[in-house]
Amino acid sequence: MANEFVLEMNHITKVYGSNAVLKDVTLRIRPGEIHALLGENGAGKSTLMNVLFGMPVIHTTGGFEGEVIFDGQSVHIASPMDAMSKGIGMVHQEFMLIPGFSVTDNIKLNREITRPWPVSRVLGKNLEFLNRSAMASDARKALDAVGMSIEEYTLVSGLPIGHMQFIEIAREIDKSGMKLLVFDEPTAVLTESEAQQLLDVMKKIAAQGIAIIFITHRLDEVMDAADTITILRDGTLVTTLAKSDTTTEELAGLMIGRGSEGVIHVDKSARQLTGGTAMSIRDLWVNMPGEVDRGVDLDVQEGEILGIGGLAGQGKIGIPNGIMGLYEARGDVTFNGQKLPLGDAQAVLKAGLAMVSEDRRGVGLLLDQSIEDNIVFTAMQVRGDFLKPFLRQKDARAIRKHAEDMIRELDIRCTSPTQPVGTLSGGNQQKVCVARALTMKPKFLFVSEPTRGIDIGAKQLVLETLVKLNREQDMTIVMVSSELQELRSVCDRIAIVAEGRVVDILKAEDSDTAFGLAMSGKRAKEGEKA
Amino acid sequence: MSEQVVEKTAKKRGSRFITSIVLFALAGVMLIASISGYVLRGSASTRANLDRMRTSAVLHAATEGLVDSIAQTARSAKLKELRADKNFRKRGLDEVNSICDAAMEEARAEAEKLYNNPVVEDEAALESAIETMESVLATSGQLENREKAAYAEIYVQLVDNISNWRETAAEGMDDAAIIEALAKTAPAIKDAGNAHLQPGFVRLAKDMAAAQLAREEAEQQGQLISMMTGAIADWTEYSGLEGDALWEKLAAELPDLNGNERFKDALLETAAKHIAAAENGETLPEEAATDEGAETVGETLADYSYFIPTDELAKERQDNEAAFEALNVQLVRIIPDLGELTGNLQDSLRVSLEKVLWPGSLDFSTLYDTYMARGGDAALTGGASKTLKLASLAEALLLGSIALMLLGLVLFFWETLTRRFGVPRTIIALFFIYLCLLAELYNISVRMMLGNVLERMTMYGVLVLAMMPGIQCGIGLNMGMTIGCISGLLGIVLSLQFNMTGFAALLFACLSGAAFSLPLGWAYSKLLNRMKGNEMTISTYVGFSFVSLMCIGWMMLPFNNPKIIWLLSGRGLRVTHSLLGSFAHLLDKFLSFKVFGINVPTGGLLFLGVCCFIMWLFSRSRTGIAMTAAGSNPRFAEASGINVNHMRTVGTVLSTMIAAVGIVIYSQAFGYAQLYTAPRQLGFIAASAILIGGATVSKARVSHVLIGVFLFEGVLVFGQQIANSVVAGGGLSEVMRIMISNGIILYALTQSGGARRD
């Protein structure tokens, strides 16, 4: 082999607008090795892969800095097609298969083996016959390579999900000249035994000399399969290690890291929680697309701020949405000793719960209506506030007064209470959402991703408001956030959710390793937490 | 990138600014020209020329008939000549026509040369005669106008509202009794000032009764014939019979013939025809009865042949006569041929002279245009034609200047206006104002048309309001409101079935229509709740299907009042039902009054106002607010514990019920209830009206309804009149209506619907 590395991505920097998402990242892959790429959400893994595949999103936003050397040559990859022709393949997280086609057809799609006949000789290649037997034998070979015993002529539509993943891989292997394969969280949808089988297949492929980039957050799998590990955090390269030099715990710690200080500092030293249980959640299943929960058990203490963290798509957002009746849910949720009817938003709201949704523009606001109408809406509908007794007309004066109070209290920057919320900035919209929840005078507040997409000043104000509500009005708050730093600065306890279950409940001061392990689905031993 | 956008908008704004300045400058120039034109009209030389032009106009009017008759005579002479030729039959019709027309034009040109600029020897005498005639006409004309207006009002009231003249003027009633009966409909007939008109109206009533009798007899005869031909299958049995013998055998078979001997001749004639055919082994088809259901629909125009002038007017008319004689003497002196006129031509000479000299009928620009068209340039003093031209254009220049100024203003404030009102509303409003200006230019009465617009507002207002809850609850434009319309129509025909009249009938139709629409709207909303995201398609389809379904329904429903069913088959409802005896124009006439010559349909406007007020109250209530939220963001509403499907049902049912009331109001304003396919287009009209008003497919307010219905109907009424004056032929206005209404719907869908779903 002439080159030590099949792929070198040297000093890659990518800037979106004024926001650097990759800062001087270098990634080097040897032929035939399994190279794990680790990092939290937003660490820059996907952007790095987009650069590698020459995705349009990179080119249309001004390209990137740095160089890509593939197979010893400096290359410019213009498009995913280009990448494919150079021998870089991708196994997608969502299956790109056509259900009504057979396994063979899917594997050979757009690369069919054809046989000419007189008409096609005249009218062109598009009219050639398919050479089905050649295609089938190719497919068979590929399927055998991934250890699949299924018949190559079965239709894809009836197959179990695990099988589809393997067909994807078989398709990539079948391409001739494949030198590098990228697996983007391939085990996320697989059962344990399937995952194990997949890892074996990966090793087999690697043994044939094809390099593999393995993106995952399951540290066990990394330790099992990978040869080399590169860790990204906040767009920067943390380190590249050989597997033999490290442990799961070290990886977890490196992934989380003590980043910059939290946006606010809250003194939690004098906290004495009364200890009563405000809400107890048992075996909660929530069917929210992309955020499925599979049996959450969690107790929320009265008067605390409980954080719920975890990687995207693991089910942390499903918990508040399921309890508040926005998505189909089952399980037992008791609030102050009373069982909550799941799926009945009105009853849950009446019981004294409120929620600030993560989907501000979609669920949280009526964008074309005024600030004041947004603030009082739920209270008017659920509690019957702000209504005059005559014909149940809305009480414009009371609404205006309340809205003005809220605007002052939460410092909502607007021209008047009648300004449509759609014209406000993200931070001020979030404050309107908070105001709407507060107007319900709740005893218990869910706040889902309260700081997503708002600027740092507004972030601070929103978090401070939550702490103030908790301290002064004794409101129990459950805050769901993807930003661990934020949770650690505000919350008393932090529950980490992975794969639809609560893995561990940690304290803010627990070690990065403990958090890192929990986020990849493993519980740290008691002694390691500190 | 954003800098580019900013730069681009700035550039656009700059070019708009410059364009508006240019427009203002042009408008200013035109305004100055117009003012100078008006000033010139006052100058002495213009006045002198004006007199000359008037004289010329009179002479032209006088010779117009003469020239025409000469031309016609020449044409018929030519035709006669061609007929005499033995080759006549070989020529085609077109060829004959073109030869004759050529001859006519030639004769006309010659006659015009002869008469157009005759030598006037005694100008002063002619002018004084013209002036006398003019001043006499000024007094008598006004009087005549006034009296005829009073007559016309009563006439229209009577003809519009009396459906059974044979009852009003039954045989054996004396004149006083007939007047009493007429006064029930038109109380003004008994006013002291109208006593002289009474004999005329008595004559009218008798004529109408006679006409009605004739019509009914014809109808009955037609039905008997149809019944007879339908009932008898085998005519050979009657072979050989004739006259009384045939009649007796027929009457034995068909007892209905007894007592209808007055139709004997016609029946026997038909029977003979069928017998003859049967003897030849043929079978003639059943004779169809004439359809009396198809009544003419439109505005009633007064027929002045029943008009009787007051003594005062009669005396004025005599003065008129004298003045005309004097003028005629002068005219004959100038053009001796006028003295030879007889009969019709003499009469038409007088009519055309009166038309020219009628007060206010000759304005400056018309005078000037006709004068110049006849090549009268040379006779004007001192090369005055340029100043006169300017003076004649004063009005057009003024209107043009206003139009340009408005356009400039709109461009200048474009951003503010479009942000405040939206692009379509701004453009339509500007278009409407331009139509008003054009109407002024074409001398079409803006006032009369505004009255017309008001009337149509009451007609369509409630229907447009029905769109509002549909939009608010999130189903978008409720094209399926035809379901409500059909329920309302069902209510109307029920009220007719039970022979109800007046407010009771109106109330009954509204309530029963709303009651029918309740379950229908509920079922329809269940359907829509299963098709979220495709409501527009579904509602249009459901609306059309329901109309078709009810086309069968109207035939099958067991109505049996002979007034509303097909007489022939004895079942099935007719297409058009006159509401004259029932509640036609009931609301519109309630408390109605005239202001500045505009007829204000108070009752209808009040009803629309009350409906809008109730809708406004509803949209501020807890349920209304919840419904609007469910429509604009279902997920938001759900998060607040609102049952979105329930709210959509509330909105859909409400929309359907308002549509049911709306069609009743529409029918009362129209005067007729139309069944079968008639309600199909109503959804589109209502949708485009509310969209013009500023609503989108996801947001609507009461103000959108009112502004929309005014602008939509305004553009239609004015557009129709103006289109008809600019381009002869009637079809244009309908084309315009379709273009405007469908164009607006398309625009609204691309604007709000398209952007929303991204």
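I'm working from a predicted model here. I looked up helix H14 (residues 371-383) of chain A against helix H15 (residues 396-410) of chain A: they pack at an angle of about 100°, and their axes are 9 Å apart. Because of that angle, I'm noting H14(A) as roughly perpendicular to H15(A). On the H14(A) side, I find A:Ile371, A:Glu372, A:Ile375 and A:Val376 making the contact. H15(A) brings A:Ile399, A:Arg400, A:His402, A:Ala403 and A:Met406 to it. Sorted by class, this contact comes out as 6 nonpolar, 1 polar and 2 charged residues.

Which residues touch the most other members of the largest nonpolar core? I get A:Met202, A:Ile212 and B:Ile690, in a core of 261 residues. Helix H26 (residues 644-670) of chain B supplies the largest share of this core, 15 residues. I then followed B:Ile690: leaving out residues up to four places away in sequence, B:Ile690 touches B:Val464, B:Met467, B:Met468, B:Ala695, B:Ala700, B:His704, B:Val705 and B:Gly708. There's also a second, separate core of 30 residues, with B:Leu59, B:Met133, B:Val136 and B:Leu331 among them.

I find 21 residues of chain A in contact with 17 residues of chain B. On the chain A side, helix H12 (345-350), helix H13 (360-364) and H14 each give two or more residues. H14(A) turns up again with the largest share of that side, 5 residues.

Methods:
Residues numbered from 1 in each chain as written. Chains lettered and ligands numbered in written order. Predicted model: local features only at pLDDT ≥ 70, side-chain atom pairs only at ≥ 80, totals over all residues. Axes fitted to C-alpha atoms, helices over the stretch in contact; angles between N-to-C directions. Helix = DSSP H or I, 4+ residues; strand = E, 2+ residues; numbered from the N terminus. Parallel < 35°, antiparallel > 145°, perpendicular 65-115°, else oblique. Contact = placed C-beta atoms within 7 Å. Nonpolar A, V, L, I, M, F, W, Y, C, P; charged D, E, K, R; others polar. Core = buried A, V, L, I, M, F, W, Y, C linked by C-beta atoms within 7 Å. Buried ≥ 20, exposed ≤ 12 C-beta atoms within 10 Å, placed from the backbone.
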